[in-house]
Amino acid sequence: MVDEGLKIELGKQGVFVTTIEELYNWGRRNSIWPMQFGLACCAIEMIATTMARYDLARFGAEVFRPSPRQADLMIISGTVTKKMAPQVVRLYNQMAEPRYVIAMGACAISGGPFKQGYNVLKGIDRYIPVDVHIPGCPPRPEALIQAFIALQEKIDGQHLTGEGRPRHLDAEAQGEFPVPEQGEHDLEPTSNKGVWPIPVVIR
Amino acid sequence: MASNPYFSLAVLFLAALGFGLAPLALAWLWARVFSPAKPNEIKNSIYECGLESKGDAWVQFRSAYYLYAIIFLIFDVEAVFLLPFAVAFTGLGAAACAAMLVFVLMLIEGLAWAWAKGILTWA
């Protein structure tokens, strides 16, 4: 690792130093291709974010891919119903590593205003690991852009080796997330314990 | 060798080859060293917009359907011929009308033949 102060000092002299890790993360964070995939009204805000006024292209993420094979990021934009949840989880499984998830809006992170509904999943993080949660109903495009920046910062802080390295660089880390099935009354299983430990209610 | 007039071309060719192959080799090396492949059954399954795919992706269609295609094409082209005929209808002589009728009758005869042969029955 190059000392941060030394790096700035060298930069003033016109010498640019970097590490493979930095170069790799720089490339990754500036080319996050989302999957073309909208679930509900939040998707309208997501579309607005990509258009000229908010211009997601500034962050290198304007290339919405119609196939999970080419996508890096899944934006869960809207209510995930229990009918839709298996499809969402299967799509996430079909994405190539490294892959990220932004849960956009109140519904995607918790069920939102439809939380009491019998057919609404209470947050997609019950089945797949979510990197950034954005509250809002729906979140404004600025909020989605902030989620992008947060994700970029997260990618920037990842190391190639060591304990805290991301899942796609770890041969041991699991790459498969079980797809829930429609049970008699609910999805089975109701959550993925490895991703979402059932919270303990303290009374 | 360096005196050969094509020597510089050969150098440029090698450089161009390296320019193309080096990123590929680097990507391959990177995947080998850092990024282990973790295939699984769901990941390798056919992409069907998230739904479970049923059956094989290599669906075959009966080759006998080419007859429908040919009959469709014939009547499609006939419509193209009928349009100028209809536009110029008022100024046409009896001979031109008869020639057009013969043309249409020939096509109708063909259709009658196909019908009699049982080609129009969807099998």
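Helix α6 of chain A (residues 141–156) has 16 residues and reaches 22 Å from its first C-alpha to its last, close to the 22 Å expected at 1.5 Å a residue. The expected span is 1.5 Å times one less than the number of residues in the helix. Helices (H or I, at least four residues) and strands (E, at least two) are DSSP runs, numbered from the N terminus. The model is a predicted one, in which local features need pLDDT of at least 70 and side-chain atom pairs count only at pLDDT 80 or more, while totals for chains, interfaces and linings use all residues. Residues are numbered from 1 along each chain as its sequence is written, and chains are lettered from A and ligands numbered from 1 in the order in which they are written.

In α6(A), the residues A:L144, A:A147, A:F148, A:L151 and A:I155 are buried. Seen down the axis of α6(A), the buried residues fall within an arc of 100 degrees, so they line one face of the helix. The arc is that of the directions from the helix axis to the C-beta atoms. An α-helix has 3.6 residues a turn, so residues three or four places apart point the same way. A:E142 and A:E153, on the other side of α6(A), are exposed. A residue is buried if 20 or more other C-beta atoms lie within 10 Å of its own, exposed if 12 or fewer, and partly exposed in between, with C-beta atoms placed from the backbone. The buried residues of α6(A) pack against α2 (20–29), α3 (42–50), β2 and β3 of chain A. Two residues are in contact if their C-beta atoms, placed from the backbone, lie within 7 Å.

Helix α3(A) also has a buried face. Its buried residues are A:C42, A:E45, A:M46 and A:T49. Viewed down the axis of α3(A), they fall within an arc of 105 degrees and so line one face of the helix. Their packing partners are β1, β2, α5 and α6 of chain A.

Strand β1(A) is mostly covered, five of its five residues being buried. A:L73, A:I75 and A:S77 point one way from β1(A), A:M74 and A:I76 point the other way, and all are buried. Strand β2(A), residues 100–104, is likewise mostly covered, with five of its five residues buried. Both faces of β2(A) are covered, with A:Y100, A:I102 and A:M104 on one side and A:V101 and A:A103 on the other.

Strands β1(A), residues 73–77, and β2(A) run parallel and are joined by five bridges. Two strands pair if DSSP finds at least two bridges between them. A:I75 stands opposite A:I102 in β2(A), and A:I76 stands opposite A:A103. From β1(A) the chain crosses through helix α4(A) (residues 85–94) to β2(A) in a right-handed β-α-β crossover. A crossover is right-handed if, with the strands pointing away from the viewer, the path from the first strand over the helix to the second runs clockwise. On pairing with strand β3(A) (residues 132–134), β2(A) forms three bridges in the parallel sense. The bridge partner of A:A103 in β3(A) is A:H133. A right-handed β-α-β unit is made by β2(A), helix α5(A) (residues 105–110) and β3(A).

Two cis peptide bonds are described for chain A. The peptide bond from A:C137 to A:P138 is cis, with omega near -10 degrees, and A:P138 lies in the loop between β3 and α6 of chain A. Another cis peptide bond joins A:E188 and A:P189, with omega about -5 degrees. A:P189 lies in the segment after β5 (187–188) of chain A.

Positive phi values occur in residues other than glycine. Phi of A:D55 is near 55 degrees, and this residue lies in the loop between α3 and β1 of chain A. With 13 C-beta neighbours inside 10 Å, A:D55 counts as partly exposed. In chain B, B:C49 has a positive phi of about 55 degrees and is found in the loop between α2 (41–44) and α3 (66–87). B:C49 is exposed, having 12 other C-beta atoms within 10 Å.

Between the chains, 10 residues of chain B are in contact with 17 residues of chain A. The chain B residues on the side touching chain A divide into five nonpolar, three polar and two charged. Ala, Val, Leu, Ile, Met, Phe, Trp, Tyr, Cys and Pro count as nonpolar, Asp, Glu, Lys and Arg as charged, and the others, Gly among them, as polar.
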